[in-house]
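Subject: Structure handover

Hello,

Here is the structure I promised to pass on.

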Amino acid sequence: MTNEELKAKIESDFNDKVLSVTLSPQKELIVVVKPEAYLSTCQALRDKNEYAFQHLSCLTAVDYPKENKITVVCHLWSYKYGHQITFKLDVDRTNPKAPTLENVWKSANWFEREVFDLYGVTFEGHSDLRRIMMPEDYTKFPLRKDFTDDGFIVKPN
């Protein structure tokens, strides 16, 4: 199945759950999901034989302060079919929350902790959501675009 065919299939199967399904100029398939359908769509993409996205290869985020959103970005891979898709969820920047994907893909555990630590996205239902890079008592999120150096980070002279 080509990415164009996969795009049409996802649009057909998930038309009430996705906001958009597009192909980038590089022919990368990008799916933006409705917040209430995030978890169920991920489970379906993993479990349905015609998709078989068994591997979460990356989960990260992008900060868009002018749009007041943080986009959670997942890269899903199907070993069975050799397909990759980019799966996105927009969350409110002032109170960023998303359901955990830890019960869908085990690799989400560490990825979600990184996103929590560096962007401040809370993954509801996560088994061990705590900082892994910054000190536990640190209150800022270093990868947000409005991050300011408050003297915590020591820069070489």
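Phe14 and Tyr51 are both buried (under 20% relative accessible area; over 50% is exposed, in between is partly exposed; 1.4 Å probe, protein chains only). Their rings form a tilted aromatic pair, 5.6 Å centre to centre with 45° between the planes. Rings of Phe, Tyr and Trp (its six-membered ring) pair if their centres lie within 6.5 Å; planes under 30 degrees apart are stacked, over 60 edge-to-face, and the rest tilted. Phe14 sits in the loop between helix 1 and strand 1, and Tyr51 in the loop between helix 2 and strand 3, 37 residues apart. Helices (H or I, at least four residues) and strands (E, at least two) are DSSP runs, numbered from the N terminus.

Before you read on: this is a predicted model, where local features need pLDDT of at least 70 and side-chain atom pairs count only at pLDDT 80 or more, while totals for chains, interfaces and linings use all residues. Residues are numbered from 1 along each chain as its sequence is written, and side-chain values use heavy atoms, with hydrogens and water left out.

The aromatic pairs number 2. The other one joins Tyr38 and Phe87: the centres are 6.2 Å apart and the planes lie at 25°, so this pair is stacked. Tyr38 is in helix 2 and Phe87 in strand 5, so the pair ties together parts 49 residues apart in sequence. Tyr38 and Phe87 are both buried.

**Core**

The largest nonpolar core has 37 residues. A core here is a set of buried Ala, Val, Leu, Ile, Met, Phe, Trp, Tyr and Cys residues joined through side-chain atoms within 4.5 Å. Tyr38, Leu59, Ile85 and Phe87 have the most contacts inside this core. Eight elements each supply at least two of its residues: helix 1 (3–13), strand 1 (18–23), strand 2 (29–33), helix 2 (38–47), strand 3 (55–64), strand 4 (69–78), strand 5 (83–92) and helix 3 (108–119). Helix 3 gives the most, with 5 residues.

Look at Leu59. Leaving aside neighbours within four places in sequence, Leu59 is in contact (heavy atoms within 4.5 Å) with Tyr38, Val72, Val73, Cys74, Leu101, Phe111, Glu112, Val115 and Phe123.

**Helix 3**

Helix 3 has 12 residues and reaches 15 Å from first C-alpha to last, close to the 16 Å expected at 1.5 Å a residue (1.5 Å times one less than the number of residues). Of those 12 residues, 10 are buried, so helix 3 is largely enclosed by the rest of the structure. The buried residues include Phe111, Glu112, Arg113 and Asp117. They pack against strand 3, strand 4, strand 6 and strand 7. Gly120 follows the helix, with a positive phi near 85°.

**Charges**

There are 12 salt bridges, each a side-chain nitrogen of Lys or Arg within 4 Å of a carboxyl oxygen of Asp or Glu.

- Lys69 bridges to Asp90, with the closest N and O atoms 3.4 Å apart. Lys69 is in strand 4 and Asp90 in strand 5, 21 residues apart. Asp90 is partly exposed at 28%.
- Arg93 meets Asp146 at 3.1 Å, N to O. Arg93 lies in the loop between strand 5 and strand 6 (97–99), Asp146 in the segment after strand 7 (122–124), 53 residues apart. Arg93 is buried at 10% relative accessibility, whereas Asp146 is partly exposed at 48%.
- Glu124 bridges to Lys97, with the closest N and O atoms 4.0 Å apart. Glu124 is in strand 7 and Lys97 in strand 6, so the bridge ties together parts 27 residues apart in sequence. Glu124 is partly exposed at 44%, and Lys97 is partly exposed at 40%.

Shared partners join Asp63, Arg93 and Asp146 into one salt-bridge network.

**Backbone**

Most residues other than glycine have a negative phi. Ala52 has a positive phi of about 55°. Ala52 is in the loop between helix 2 and strand 3 and is buried at 9%. Asn68 also has a positive phi of about 55°. Asn68 is in the loop between strand 3 and strand 4 and is partly exposed at 37%.

Best wishes
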